[in-house]
Amino acid sequence: TNAAGSDWIDNDCDWLGGVQDQIDAVVLPKAENPDSIEGVANALRSGRVIPLLETARGILAAPEILAARADIPAVLFGAEGLTAELGIPRTLQGEELLYARSRVVLPPATVGADPIDAVWVKIADAESLRTDAARAKARGFLGKMAIHPDQVSAINEVFSPSEEEIAAARRLSSTRAAS
């Protein structure tokens, strides 16, 4: 959909009513408050909305947004929108995003939603994508958005569990089952 408050959001919600049997969820860009999430959720039988947090207001309101009366399976972090709003460059080092990423990754854990990291716009640079994805994974993100099909394999490589992680999960599972 278009962003809440845009001139087109009402038309989008009306249109959703006619195609909702074909839609699992709707991504709401520039999500900034729970009312906008609930408005879109009410237009859907599933009530499933995925907020894209890409403004300072939206990132600061993340806990309230995640408390909206809606089924929120995931939350997306929009680093490109945020850095544009703040007028700062986006770097591979990512220090400019440390606070914002932290604000986005924690609230989903309280409601069982998956935090998904921002796109990496340097499409042809798979190595910098892997670096950015590994940093996001280390901070608690469970996935990363892609803007080109060529990025999917690098993202899957980073976010798929390693053999060691699988073995550790199996050990933990068997320990819990035994207790």
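Among contacts in the protein chain between residues at least 6 apart in sequence, what percentage join residues at least 24 apart? The value is 65%, where contact means heavy atoms within 4.5 Å.

Before the details, the conventions. This is a predicted model, in which local features need pLDDT of at least 70 and side-chain atom pairs count only at pLDDT 80 or more, while totals for chains, interfaces and linings use all residues. Residues are numbered from 1 along each chain as its sequence is written, and side-chain values use heavy atoms, with hydrogens and water left out.

Overall layout, then. The protein chain has 9 helices and 5 strands; these are DSSP runs, H or I of at least four residues for helices and E of at least two for strands, numbered from the N terminus. In order from the N terminus, the elements are α-β-α-β-α-α-β-α-α-β-α-β-α-α. Accessible surface comes to about 9,700 Å², with 53% of that belonging to carbon and sulfur atoms; the areas are from the Shrake-Rupley method with a 1.4 Å probe, and for residues only the protein chains shown count as cover. Of the 179 residues, 41% count as buried. Buried is under 20% relative accessible area, exposed is over 50%, and partly exposed is in between, with a 1.4 Å probe and protein chains only.

Next, the interior. A nonpolar core here is a set of buried Ala, Val, Leu, Ile, Met, Phe, Trp, Tyr and Cys residues joined through side-chain atoms within 4.5 Å. The largest has 35 residues, and I37, L53, I59, I72, V75, F77 and V104 have the most contacts inside it. Helix α8, residues 152-159, gives the most to this core, with 4 residues. Apart from that core lies another, of 5 residues, including I50, L52, A74 and I116. S128 counts as buried because its relative accessible area is 5%. Its side chain makes a polar contact with the side chain of D125 at 2.9 Å; that term means a pair of N or O atoms within 3.5 Å, where within protein one must be able to donate a hydrogen and the other to accept it, and residues adjacent in sequence count only if both atoms are side-chain atoms. S128 also touches L92 and W120, not counting residues up to four places away in sequence.

I147 lies in the loop between β5 (143-144) and α8. I147 counts as partly exposed because its relative accessibility is 43%.
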